[in-house]
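Please look over the sequence and the model below. Then use the briefing to find your way around.

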Amino acid sequence: MAQISQSKGFAPKEPRTLNPPKSTPISLSHLAKCDGNSPSYPIYVAIMGTVFDVSGNTAYAPEGAYHIFAGKDASRALALSSLKADDCRSEWEDLADKEKQVLNDWFTFFSKRYNIVGQVRR
């Protein structure tokens, strides 16, 4: 799991009370169903294998600006600050240190706003 930064710059404007992180294994096929296209499933985004429930944020819903990340491990796209579908994948280990820092910052950002509901099972 990524190191969570203590920087106040990542704190949400409105304080959030989050549930304790879960380590429930989540398959890639289940994660794919959590893309906001079915009301039967929540909306999940994974970063470095950690799955966040972003259901309450319309930006990840089908018409939202960040829907491209929903139902996927979007690590590479987040590290590259990319909204390209081809970049929405879990591979990030080969990126430059600067991009890895961007990815860690995104992990911190998500961890302060969204409940961790599990880990991607490969």
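This is a predicted model: local features need pLDDT of at least 70, side-chain atom pairs count only at pLDDT 80 or more; totals for chains, interfaces and linings use all residues.

Start with helix H3, which spans residues 97–111. Then turn to the largest pocket, to which H3 gives the most lining residues.

**Helix H3**

- H3 has 15 residues. From its first C-alpha to its last it reaches 21 Å, close to the 21 Å expected at 1.5 Å a residue.
- Which residues of H3 are buried? They are Leu 103, Phe 107, Thr 108, Phe 110 and Ser 111.
- Looking down the axis of H3, you find these buried residues within an arc of 165°, so they line one face of the helix.
- What covers the buried residues of H3? The cover includes strand S2 (44–47), strand S3 (50–53) and helix H2 (75–80).

**The largest pocket**

- The largest pocket holds about 160 Å³ of space.
- Its lining is made by 13 residues. Nearest the centre of the pocket lie Tyr 66, Phe 69, Leu 78, Leu 83 and Trp 106.
- H2 and H3 are the elements that give two or more residues to this lining. H3 gives the most, with three residues.
- How does the lining divide by class, and what are the counts? Ten residues are nonpolar, three are polar and none is charged.

**Phe 69, a residue of the pocket lining**

- Phe 69 sits in the loop between S3 and H2, and it is one of the residues nearest the pocket centre.
- Val 45 is 24 residues away from Phe 69 along the chain, yet their C-alpha atoms are separated by 6.1 Å.
- Beyond its neighbours within four places in sequence, Phe 69 is in contact with residues including Tyr 44, Val 45, Tyr 60, Leu 78 and Leu 83. Leu 78 and Leu 83 also lie among the residues nearest the pocket centre.

**Arg 76 in helix H2**

- Arg 76 belongs to helix H2. It is buried, with a relative accessible area of 11%.
- Setting aside neighbours within four places in sequence, Arg 76 is in contact with Asp 87, Arg 89, Glu 91, Trp 92, Asp 94 and Leu 95.
- Tyr 114 is 38 residues from Arg 76 along the chain, and their C-alpha atoms are separated by 19 Å.

**Residues in loops**

- Met 48 lies in the loop between S2 and S3. Its phi is near 50°, a positive value in a residue other than glycine. Met 48 is buried, with a relative accessible area of 18%.
- Ser 81 lies in the loop between H2 and H3. Phi of Ser 81 is near 55°, again a positive value in a residue other than glycine.
- Ser 90 counts as buried, at 18% relative accessibility.
- What does Ser 90 touch, not counting residues up to four places away in sequence? It touches Asp 73, Ser 75 and Arg 122.

Methods
Residues are numbered from 1 along each chain as its sequence is written. Side-chain values use heavy atoms; hydrogens and water are left out. Helices (H or I, at least four residues) and strands (E, at least two) are DSSP runs, numbered from the N terminus. The expected span of a helix is 1.5 Å times one less than its number of residues. Buried means under 20% relative accessible area, exposed over 50%, partly exposed in between (1.4 Å probe, protein chains only). The arc is that of the directions from the helix axis to the C-beta atoms. Contact means heavy atoms within 4.5 Å. On a 1 Å grid over the protein atoms alone, a cavity is a set of points where a 1.4 Å probe fits but cannot get out, and a pocket is an open set with protein on both sides within 12 Å along at least five of seven lines; lining residues have an atom within 4 Å of a point. Grid points are joined across faces, edges and corners, and a volume is the space filled by probe spheres set on the points. Ala, Val, Leu, Ile, Met, Phe, Trp, Tyr, Cys and Pro count as nonpolar, Asp, Glu, Lys and Arg as charged, and the others, Gly among them, as polar.
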